[in-house]
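Hi,

Here is the structure I promised to pass on. Have a look at it first, and my notes follow below.

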Amino acid sequence: MSMEEAFALAEAEAKLQQALAEGKQRFENAVVPNRYNEDWRFGRPNKYAAALVELLQSDTASSGKAEVKNAGDAAMVVTRDDDDLRQTEMLMPSIGSDALLGMHLKRFGSGYALFIEKSISEPIHIYYSTGGLYTPSTFIMVAPGVKAEVIEHHAADTPEATMFVTRNIHVAEGSELSVSLHSSGFSRYMCITDIQNMGGKVHHLTTHDNTLWTREETVAEIYAGTESTCNNLYSANRPAGESILDQHTRQIHHVGGAASDLLYKNVVDDNATAIFAGNIYVATGAHHTDAYQSNRNMLLSEKATIHSLPGLEILADKVRCSHGSASAPMDDEQLFYMCSRGIPRREAQLLVAEGFLAEVINKFRALSQSS
């Protein structure tokens, strides 16, 4: 090792130790989410976040089932003794949930790490399920030039089940990853995801079904910009009953010359509530960034509630960034057309809703298949 390499290694180690110390301090100083926290506005923290905190701080053991398929030797079981993976989680960002992330870190030790070093033709499947409290972690690292697809399935074995999962996704230069997450059946479900794109392509999809309270935080960061570098974020959901879907996103462009696209769509029925708060952040000097954000919602009930809060924070010139939000009832003309042909009104509503959400699924599938 040359003198220059030794100095560079020592400097990197010093920066890592400083970041870890700051991360530890961040968790220790974090405040449990409350209604005065801007990132938890409309998310009912005094009820649902408080209940999750109480459960995480209790003596209830974290237990669940984990399985991976089609991974071959790319998968490794995450254990509490793996310091590198613990450090990765300690450094990951959250959107108003540092205190909860710190609690998850204390329960760290379940899940999978995928080190994908060669392209694969079949999707890798990860399955997490529980009937109680489960706090798994997923780590996905894709080597340069590799193409892969990962599908995560998170399921509740009982209606009282709670899952709090963290996900770290690291994509190297020239690689392409399609990753989707499907959760279903929980009383409480929380997911914090950090995507670090070092010059590749990431296509990310989430769907959440039949869960009383869902909190999803996704931070998608781009660190190296080329014409082909992109983060594509999609979500399609149908909250119903008394359910609450609370989604927060940040599209962060640390450098210029890259693109990000977000499309989140919800069909909200009964007394359900859907919340979306998104932010596009373009750092100083990240010129020629191309970023878009769209949240669209369809209401099937007069009692359904939508809160949509898109935003931009741009500190560079020569960028193309925009956001849009639209919420409206179902089109009466579409319903009339279908009902006039003998389709019952409720069935017609469901068909229109399915078509409304299909745009998201189709965009994701088209990108996944092209890879």
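Before the sheet, one term: two strands pair if DSSP finds at least two bridges between them. Helices (H or I, at least four residues) and strands (E, at least two) are simply DSSP runs, numbered from the N terminus. Bear in mind that this is a predicted model, where local features need pLDDT of at least 70 and side-chain atom pairs count only at pLDDT 80 or more, while totals for chains, interfaces and linings use all residues. Residues are numbered from 1 along each chain as its sequence is written, and side-chain values use heavy atoms, with hydrogens and water left out.

Now the sheet. Nine strands make an open sheet with mixed pairing, in the order β1-β4-β7-β9-β11-β13-β15-β17-β19. Its edge strands are β1 (65-69) and β19 (320-329), each of which pairs on one side only. From one strand to the next, the twist averages 10 degrees (axes are lines fitted to C-alpha atoms, for helices over the stretch in contact, and angles run from 0 to 180 degrees between N-to-C directions). Within this order, β9 (residues 176-184) and β11 (residues 201-209) pair in the parallel sense over nine bridges. Ser-178 has His-203 in β11 as its bridge partner.

Strand β12 (residues 213-222) is worth a look too. It runs parallel to β10 (residues 188-197), joined by 10 bridges, and Tyr-189 stands opposite Thr-214 of β12. Another 10 bridges join β12 to β14 (residues 244-253), again parallel, with Thr-214 opposite Leu-245 in β14.

How many of the residues of β12 are buried? The count is 10 of 10, where buried means under 20% relative accessible area, exposed over 50% and partly exposed in between (1.4 Å probe, protein chains only). Both faces are covered: Trp-213, Arg-215, Glu-217, Val-219 and Glu-221 are buried on one side, and Thr-214, Glu-216, Thr-218, Ala-220 and Ile-222 on the other.

Trp-213 brings us to the rings. Rings of Phe, Tyr and Trp (its six-membered ring) pair if their centres lie within 6.5 Å; planes under 30 degrees apart count as stacked, over 60 as edge-to-face and the rest as tilted. Searching the whole structure turns up five aromatic pairs. One of them is Tyr-48 with Trp-213, which is stacked at 5.9 Å centre to centre and 5 degrees between the planes. Tyr-48 belongs to helix α2 (residues 45-57) and Trp-213 to strand β12, so this pair ties together parts that are 165 residues apart in sequence. Tyr-48 is buried at 8% relative accessible area, and Trp-213 counts as buried at 0%. Ring pairs also link Trp-40 with Tyr-48 and Trp-213 into a cluster.

Arg-215 has its charged end over the ring of Trp-40, 3.8 Å from the centre (a charge sits over a ring if NZ of Lys or CZ of Arg is within 6 Å of the ring centre and within 35 degrees of the ring normal). Elsewhere, the charged end of Lys-265 sits over the ring of Phe-356, 3.9 Å from its centre.

Lastly, Leu-114 in strand β3 (residues 111-116) is buried, with a relative accessible area of 0%. Beyond its neighbours within four places in sequence, its contacts (heavy atoms within 4.5 Å) include Val-68, Ala-71, Ile-124, Phe-139 and Val-150.

Cheers
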